[in-house]
Amino acid sequence: MRTLALVSLLVSSAACARDAVPKPAAAPSYLYVWAGDSAKATSDFLAVINSDPTSPQYGAVVTTLPTGELGANPHHTEAAMPANGHLLANGFSAGRTYLFDVTAPTSPKLLTAFGDRSGFSHPHTYIRLANGNVLATFQYAADSNAAAPTHDHDGAKPGPSDSAPVAVHTTGGLVEMDERGTVVRAASASDPAIRDRYIYPYSVLALAPINRAISTTTDMDEKNTKSTAEWIQLWRLSDLTLLKSIALTAGPRGDEHRFTGEPFLLPDGKSVYIHTFNCGLYLVRNIESGTPTTSFVKGFAGKGCGVPLLIGHYWIQTVPETFSVVSLDISDPEHPREVSSVSIGKDEYPHWLAADPTNTRLVLNSGGSTGNRLFIVNFDKETGALAIDRRFRDVNDTLPGLKMSARRWPNGWTGTVWPHGSVFSR
């Protein structure tokens, strides 16, 4: 009995000692914001912002990393921080790709920058593939390599349009490459079945289990009246063979199908939602077959609907017309149901969204709007509820969000920036 009691005591003591070992603290949270001077007078830069709600410096701009180039029009980054801490971003008007190293979160580095690849120019979207490569959309053929204006279809209130003559761009394509730009394969989005042949790949989704990819087609240059904007394209992922181009059909308003944007794989693992910048939401079924089907399932107010998110069975959409972000329960994909909405103020036009690794906090910006603030929105994964984090704000400011206008930045420069791609650290 004494032996048994002793063993029990030792086991109990060991368990207590194990429980007494402090758990490692969660890694500090940072936001990386890709931005450019609105006046194009100083270098574009990547800003590092403290996004750790437990920190006394919550919301402080920690540092900035200038690229040494100005007026490139900082635009999309990757939507989530890659596992290796190397973040791709485009300077759209310059047709440039930048690769940042943020493995030391408060001391980012610019690893490399590059331009045209495999005869294509103006990269827009980058996604990481399971094989370690990057699949990127390039909007134009390199022979039409005139810089696109900063005024684009991707947002309700972008910056002022360029006064340069309009270039008639020719069709772009998809490029598979490593993160430093070494090309593996590439293919044109040109399709003889499309009469006008002006196709400008915007975003792309890889569906590796069925060896497919889906791309969308919105031209960033809204001055280009030749652009075709209602198409999605289906590819064989393994060799980038274009299999089919499909035109979305109009919704009740008549133009919801225009300017196809971001595709997301639904929880069933085989269907896809695609939003449009004309505020339509479309469901794509039977992708693995030779005859995919598309259907209009939802329209939002106005035009200029920006970057959406899919978290679990909730679709989260920016709606500039109502100055709001809307959450939909899409458990029934054919009948999405609104469950929450949050307004960010009538001088803000919500555009970019990205989630933190827990999917409970979203970064939201409205770069180029009158208000021009950067927000954090709290998200309840169980209910779909949205709420502005009012603690994420400038010191001595009563309004939530960080001002991006007339701000003094850590590099000693004071001015207004237009933020776009904004990503949480891992």
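A disulfide is a pair of cysteine sulfur atoms within 2.5 Å of each other, and this definition opens the first exercise below. The structure is a predicted model, in which local features need pLDDT of at least 70 and side-chain atom pairs count only at pLDDT 80 or more, while totals for chains, interfaces and linings use all residues. Residues are numbered from 1 along each chain as its sequence is written, and side-chain values use heavy atoms, with hydrogens and water left out.

**Exercise 1. The disulfide**

Solution. Start with the count, which is one disulfide in the structure. Next comes the handedness: the torsion about the S-S bond of Cys-279 and Cys-305 is about 105 degrees, so the disulfide is right-handed. To place the partners, use the strands, which are DSSP runs of E with at least two residues, just as helices are runs of H or I with at least four residues, both numbered from the N terminus. Finally, consider accessibility, where buried means under 20% relative accessible area, exposed means over 50%, and partly exposed is in between (1.4 Å probe, protein chains only). Cys-279 has 1% relative accessibility and therefore counts as buried, and Cys-305, at 1%, counts as buried too.

**Exercise 2. An open sheet**

Describe the sheet that holds β4, β5, β6 and β7, giving the order of its strands and the direction of their pairing.

Solution. Two strands pair if DSSP finds at least two bridges between them. Here four strands form an open sheet in the order β4-β5-β6-β7, and the pairing is antiparallel. The edges are β4 (74-77) and β7 (109-114), each of which pairs on one side only. On average, neighbouring strands of this sheet are turned by 30 degrees against each other, direction ignored; for such angles, axes are lines fitted to C-alpha atoms, for helices over the stretch in contact, and angles run from 0 to 180 degrees between N-to-C directions. Now look at one pairing in detail: β4 and β5 (residues 86-91) run antiparallel and are joined by two bridges. Within this pairing, Thr-77 stands opposite Ala-89 in β5.

**Exercise 3. Salt bridges**

How many salt bridges does the structure hold, and where do the partners Arg-128 and Glu-179 lie?

Solution. Side chains of opposite charge can pair when their charged atoms come close. A salt bridge is counted when a side-chain nitrogen of Lys or Arg is within 4 Å of a carboxyl oxygen of Asp or Glu, and the structure holds 14 of them. One of these joins Arg-128 to Glu-179, with the closest N and O atoms 2.8 Å apart. The pair links distant parts of the chain, since Arg-128 belongs to strand β8 (residues 120-128) and Glu-179 to the loop between β10 (171-177) and β11 (183-188), 51 residues apart. Arg-128 is partly exposed at 29% relative accessible area, whereas Glu-179, at 14%, counts as buried.

A further salt bridge joins Asp-394 and Arg-407, whose closest N and O atoms are 2.8 Å apart. Asp-394 lies in the loop between β27 (386-388) and β28 (402-403) and Arg-407 in strand β29 (residues 407-408), so the pair ties together parts that are 13 residues apart in sequence. Asp-394 is buried, with a relative accessible area of 14%, and Arg-407 is buried, with a relative accessible area of 14%.

**Exercise 4. The surroundings of Ser-43**

Is Ser-43 buried or exposed, and which residues does Ser-43 touch?

Solution. Ser-43 sits in the loop between β1 (30-37) and β2 (45-50). Its relative accessible area is 15%, so Ser-43 is buried. A contact means heavy atoms within 4.5 Å, and, not counting residues up to four places away in sequence, Ser-43 touches Pro-66, Thr-67, Gly-68, Glu-69 and Leu-70. A polar atom of the Ser-43 side chain lies 2.9 Å from the backbone nitrogen of Gly-68, and the side chain of Ser-43 also reaches the backbone oxygen of Glu-69 at 3.3 Å.

How values were computed:
A polar contact is a pair of N or O atoms within 3.5 Å; within protein, one must be able to donate a hydrogen and the other to accept it, and residues adjacent in sequence count only if both atoms are side-chain atoms.
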